[in-house]
Structure formats: structure tokens, C-alpha cells
Amino acid sequence: MQKETPREERQRIWKGARKIEETRPMPIADIKSGSTQRIVTPDEELNRVLGGGIVSGSLVLIGGQPGIGKSTLMLQVALGVPAKVLYVSGEESEEQIKMRADRLRERLSECYILTETNTSKILTQAQSLQPDLLIIDSIQTLAAPHIDATPGSISQVRESAGELQRFAKETNIPIFIIGHITKDGAIAGPKLLEHIVDAVLQFEGDQNYTYRILRTIKNRFGSTDEIGIYEMQAQGLREVSNPSELLMSQTDEELSGSAIAATIEGQRPMLIETQALVSKAVYGTPQRSATGFDLRRLSMLLAVLEKRCGFQFALNDVFLNIAGGIRVDDPAIDLAIVSALISSLQDISIPHQVTFAGEVGLSGEIRAVSRIEQRIQEADRLGFQEIYISKYNKGLKLDKFGIKVRFIGKVEELYQAIFA
Ligand code: TYD
Ligand code: MG
């Protein structure tokens, strides 16, 4: 049999689909706004990250390392939305998916499972089922039959994604596409897809910990400044609606090397514990290691502490860890990190009810950070008694807070204030 051309194949699949009307220029005033329809899922975290729910006809890529929980998240969505969902898996058998579904709690949708990797067969099935939502697990398993390349290769990924995009736009059915990325995020697939899809969500976390963060990398229908937080449990992913209380360590003891940062992740304030271990280097070259924090930034902070305060880190191994296995980008975490480093080096603990929010500059100055009042308020709410912030955060109304706000201008002053 002769192979269909992509065009013939598309025509066959979409024979029943809505005709594309000829497009012509429209006065902007005549274009209806606010007409985007959204499916609001029971998952508040996901709704927030998407900007208020799943937009009809949108194409959303969920990227993440293998084993992080992408299939679990999507199956939960597939089972939980009050709508008709088609979940297509090229990775697992129907039985495996069923077993996973049995572990999860929600069962509100009319959910169909299809194990298939042929893109045109998938779209034919979707066309006849007419679901309200289509989920593809994963883009790397798909193969468009008219392309001579292995699944997961650049040309297959690009072709399959293109077909899914046209399908979404023509039928108005939203599609979630799962894509695996490797540790450095470098694999061709998802990177290549970023400009094709409407939104890119990244699911991240450390596999040795239970917390997961869903971060918006791109969103045509909302802000990219949002995150969703989950905890992986035996019955699937649990939404974490109050992140601060969970992300701090559970010990009551005050240990050296630990300092708490008042950060803002996405739009939400979150108190996070930073942990440092500074110990004499036993082998020649001192080691530097950071989990959840940029290693180069750690080196910079160490250099500032050496130069400005005269601390000797050069002969020590330095390990840094953000509790909960999450990654923090907020520069306001710097001040807690330098405090944790000094605390470990000097073996003096920092009282539990103290927290920090400030960025450290190259000359050791503590720089003002954004939304400081929100941070102070969260620390206050959680019962902290002192917060150290930059003296350059001016014009604050502090009388409404019970917490004591301490202003500092340079890292040198930090030592005096806390450890001396
Ligand atoms: P999975 O969703 O398969 O990851 P991905 O699709 O990103 O590769 O999740 C894999 C891990 O999640 C696996 O190690 C088992 C764990 N898990 C739970 O802890 N609880 C659960 O309810 C489920 C379904 C999985
Ligand atoms: Mg999977």
C-alpha cells in the first residue's frame, strides 16, 4: 500500500472537523475578548499555574525528569476533571495505568485509556471520541507513520507536535503533552516544542524528597510567575496549599548551619530552611556542593564572606542544601545562606524564631528585595520573632506586625548582630 502524504492523512482525520474559515483582517475593537473558555480542574495548584484552568484548544507541555511524577499528575487530572478525557499512553499498558488509577483517589471524570503510539491513529480515535481533554504520555513515544525516523527523534517529535497542535486548534480540544527532559534539561524534544505549544510547565523536585514544584516556563494565557506545590504520597500527589509550614525541617533542636529564609516563589511567600555544612577539607581540593541552589552563586557568596568578613572557607568543604529538595531562584535567599554558612563555620546555632530576607551584593552590601511586606507578614503569621532585612528596604509600615524587623546594610554587620 502506498503511504499517505501528511496532507492526505490530515484530510482523512479531520474530515468531520470544523472547517477552517477563511481568515481576513478584523478591527481589533470587533474581536471579542474574555471569550476563552476554561476547564476548571479540582486541582487548585494546576489551575493557578495555568492562569485559571485549562484553556480550550490549548496545547500544554508538561516537562520533567523521568520518575518525577508527570504521569501521576496527568492521570489525576484525567480522573478528576468533571469532563470526558482521553488519556493516551505509549509508555505503559492499560493494566499498569489501571493499577495506578486505583491508587489515586478522585474518580469524577468519564476517563478513557488508549495505549497507542501512532499519531494518526490517536487523532482518529480522538476525533471519534470527541473528549473535552486529550492527554498524551509522552511525546517521545509518538510516531507519525509517514516520517521515516525513530520515535523520540527530532523530526518525529516536531511532526507529532505539529499534528497535535493543528488538531487542538481545529477541534478546540485542549491537549496536555508530557515530555521527558534529562537532568540538564537539554534533550531536543521539549526544548524544540517550546515555541509550538501555548504553555510550558515544568515539574521538578528531588526524587529523594516528596515535594514537587510545578513551574510555569511559558504561558500564552496567564502569568509565568506562578508555581504549584505538591507532595508525592502513596495515594498520588497532594496539593500543598500552605507551603511555608511544610518546607521547614521538623526538628525542635537548634542546630548550627541552619537558617530560615523568607522567600517568594511565584506569587506566594514561603519560608524555607537552608542548611550548610562547613568542615575541614580532608582531601586536597576543598569540595563545593549545592542542592537546590546555584553553585556559582554559592562560590560568590563564599568569596564575599572571605573578602569582607575574613572568614576562612578556602580550606573547608562546603555543602549547601535547601530543605525539601526544592530549587529556589529568589535572590532574597542569599542572606539566609550566608547566615547558615557562618553558623556552620563557627558552630553557633541561629535561634529558630529568626528569619532572613535579603540579597547579597558583590561588595557585601545587603540589597533590598521585592515584596518585602508580604515576606514580613508571612514570617509574622508563622510566629517568627525577628526578621533581618536590608536597610535599603525603605518606607515600610511596620506597626501592623508583631515581629521585630532588623535592618542591616552589610554582611559584616550580620556577624555582629547574630553571632557575636
Ligand atoms: P510517574 O508519574 O510514573 O513519573 P513520570 O511519569 O514523571 O516518569 O511517578 C513515578 C514515581 O511516583 C514512582 O517512583 C512511584 C511514585 N508514586 C507514588 O509515590 N505514589 C503514587 O500514588 C504514584 C502513582 C506514584
Ligand atoms: Mg510517566
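**Figure 1. Salt-bridge network around E204 and R327.** In this predicted model, a network of salt bridges links E204, R215, E265, R327 and D329. Within the network, R327 pairs with E204, and their closest N and O atoms are 3.2 Å apart. R327 belongs to the loop between β15 (316-322) and α10 (334-346), whereas E204 belongs to strand β8 (residues 199-204), so the pair ties together parts that are 123 residues apart in sequence. E204 has a relative accessibility of 11% and therefore counts as buried, the limit being under 20%. R327, at 33%, counts as partly exposed.

Figure 2. The structure holds 21 salt bridges. In one of them, the side chains of R100 and E92 meet at 2.5 Å, N to O. E92 is buried, with a relative accessible area of 17%. In another, R367 is joined to E365, with 3.6 Å between the closest N and O atoms. R367 counts as partly exposed at 41% relative accessibility.

**Figure 3. Strand β10 and its two antiparallel partners.** Strand β10 covers residues 227-233; because 5 of its 7 residues are buried, the strand is largely enclosed by the rest of the structure. Strand β9 (residues 211-219) pairs with β10 in the antiparallel sense over 5 bridges, and I213 has I229 of β10 as its bridge partner. Strand β11 (residues 236-239) also runs antiparallel to β10, to which 4 bridges join it. Here, Q233 has G236 of β11 as its bridge partner.

**Figure 4. Residue shell around ligand 1.** Ligand 1 is surrounded by 15 residues, of which G67, S71, T72, Q233 and G236 are the closest. Two of these, Q233 and G236, are also bridge partners. By class, the shell comprises 4 nonpolar, 8 polar and 3 charged residues. Helices α3 (70-80) and α4 (94-103) and strand β10 each supply at least two residues of the shell; α3 gives the most, with 3 residues.

Figure 5. In the side chain of S71, an N or O atom is 2.7 Å from an oxygen atom of ligand 1. Backbone atoms take part as well: an N or O atom of the G69 backbone lies 3.0 Å from a ligand 1 oxygen atom, and one of the I68 backbone lies 3.3 Å from a ligand 1 oxygen atom. Of the 560 Å² of accessible area that ligand 1 has on its own, the protein covers 75%.

Technical notes:
Residues are numbered from 1 along each chain as its sequence is written. Chains are lettered from A and ligands numbered from 1 in the order in which they are written. This is a predicted model: local features need pLDDT of at least 70, side-chain atom pairs count only at pLDDT 80 or more; totals for chains, interfaces and linings use all residues. Side-chain values use heavy atoms; hydrogens and water are left out. Buried means under 20% relative accessible area, exposed over 50%, partly exposed in between (1.4 Å probe, protein chains only). Two strands pair if DSSP finds at least two bridges between them. A residue is near a molecule or strand if one of its heavy atoms lies within 4 Å of it. A polar contact is a pair of N or O atoms within 3.5 Å; within protein, one must be able to donate a hydrogen and the other to accept it, and residues adjacent in sequence count only if both atoms are side-chain atoms. Accessible areas come from the Shrake-Rupley method with a 1.4 Å probe; for residues, only the protein chains shown count as cover. Ala, Val, Leu, Ile, Met, Phe, Trp, Tyr, Cys and Pro count as nonpolar, Asp, Glu, Lys and Arg as charged, and the others, Gly among them, as polar. A salt bridge is a side-chain nitrogen of Lys or Arg within 4 Å of a carboxyl oxygen of Asp or Glu.
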